[in-house]
Amino acid sequence: MLIKQIINEDVQSDRINFIVDQLKTNPEVTKRVYRLVQNEVDSVAGKSPKDLLAPALTKPEQDHTVKGLLGTFIRALNDTPGDYDDFSTFLTTYGQVSYINEAELMKPGFSGWGAWLQGNGKVSEGFITQLYKNLFDTKLNIQGSNRGPGEVGLALLSPNIKFASIGDLSINGVEVEVKGEISSGGGRLKNNINDFGKANLAPIYAKAPDLDPAITAKLPTGNPGKSGARYHFQDVAKMLDEVELGLGQEYVEELFRKTFINGDSGLIDSVVANYDRADKVSISKLAMEVAYSSYANILKKKKFSMFLLLKLQGEKSVAFDLDDWRDYMDYIKLGSLDFNDTQNGPAVQISML
């Protein structure tokens, strides 16, 4: 038994010596070990992250108290590299400090994250940037409203940014629609399936009984590229015009006006007037603008006025007024419009370039 004890003590001593040697020669190891040990001491003293994030201590910040979010927040904090000063100061001042420069974030135009993510005092900008990246893919459902990439991190890093009651975020009192993307693809511009109506195309198809059954079986695509056996709405309209002149226009009118019940009437007029004159790329682009206008009009009814797009890849963002989106087409794109999409409906996708 004595020999075993001596061996165990030797092993323990060797380990301590190894750790001490590493601490002497590697500053990063020193930083991590100090933070680990100090966090354990704080936890025993009733100063754990959960203790320090108690709602009574973080007023006016309360977004972290949303059901199911606190654990995710603490894990993200623990996974964020930085020294003890970053970690402890962030916790002890949480709710009193904004790590987002909201004016820069919402300034119309393109920005890198470095323009609006900021440190404060002993909390470095690098710590905040990595924490936001750790939180970026956090998804949440609040009272039936899904919160996507980027939104949760913004709400947690500034007491001036809150989960909005009728949509995404309230930033300094302004209701903002937020779409975040991890790498590519972007987000669908859809509130819910009731955003869209339903076109009654059966009477039109009845006038052209020899149409390919594939046309009547599925609604058309609005994408200009190849879609397998699917038909583009322009191709369908032109085929209908071959059966009876004017039938194609009737088809396009019914498809767009009855589907995009919130769409801009002038844009729909342009699609109807140009379906047989514009090339497929141009008419598809116009169709996607109709889809965007539909979503923008719904947001405006909810008192939203601004759009904010966030992208993890490249750490960039673009903000713009709902009505000014055409001014920012160097930074964003619309795409992937499909009238037959059973999950999203004909909701166009918006993404950053």
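This is a predicted model: local features need pLDDT of at least 70, side-chain atom pairs count only at pLDDT 80 or more; totals for chains, interfaces and linings use all residues.
Trainee: How are helix α5 and helix α6 oriented to each other, roughly parallel or roughly antiparallel?
Mentor: Helices here are DSSP runs of H or I with at least four residues, strands are runs of E with at least two, and both are numbered from the N terminus. Axes are lines fitted to C-alpha atoms, for helices over the stretch in contact, and angles run from 0 to 180 degrees between N-to-C directions. Helix α5 (residues 70–78) and helix α6 (residues 84–92) have axes 11 Å apart and pack at an angle of about 150°. Angles under 35 degrees count as roughly parallel, over 145 as roughly antiparallel, 65 to 115 as roughly perpendicular and the rest as oblique, and α5 and α6 are therefore roughly antiparallel.

Trainee: Which residues make the contact between α12 and α15?
Mentor: The axes of helix α12 (residues 233–243) and helix α15 (residues 280–301) come within 10 Å and cross at roughly 115°, which makes α12 roughly perpendicular to α15. The residues are Phe233, Gln234 and Asp235 of α12 with Lys280, Ile283 and Ala287 of α15.

Trainee: Which are the edge strands of the open sheet of 3 strands?
Mentor: Two strands pair if DSSP finds at least two bridges between them. Strand β11 (residues 349–352) is joined by 2 bridges to strand β7 (residues 187–188) and by 4 bridges to strand β10 (residues 332–335), running antiparallel in both cases. The order is β7-β11-β10, and the strands that pair on one side only are β7 and β10.

Trainee: Which residue of β11 is the bridge partner of arginine 188?
Mentor: Glycine 335 has its bridge partner in β11 at glutamine 349. For arginine 188, the bridge partner in β11 is glutamine 349.

Trainee: Which element gives the largest share of the lining of the largest pocket?
Mentor: A pocket is an open set of points on a 1 Å grid over the protein atoms alone, where a 1.4 Å probe fits, with protein on both sides within 12 Å along at least five of seven lines, and lining residues have an atom within 4 Å of a point. Of the 30 lining residues, Asn146, Arg147, Asp168, Lys179 and Lys190 are the closest to the centre. The largest share, 4 residues, comes from β6.

Trainee: How do the residues lining the second largest pocket divide by class?
Mentor: This pocket is lined by 17 residues, with Gly197, Lys198, Ala199, Leu219 and Phe339 nearest its centre. The lining divides into 8 nonpolar, 6 polar and 3 charged.

Key:
Residues are numbered from 1 along each chain as its sequence is written. Side-chain values use heavy atoms; hydrogens and water are left out. Contact means heavy atoms within 4.5 Å. Ala, Val, Leu, Ile, Met, Phe, Trp, Tyr, Cys and Pro count as nonpolar, Asp, Glu, Lys and Arg as charged, and the others, Gly among them, as polar.
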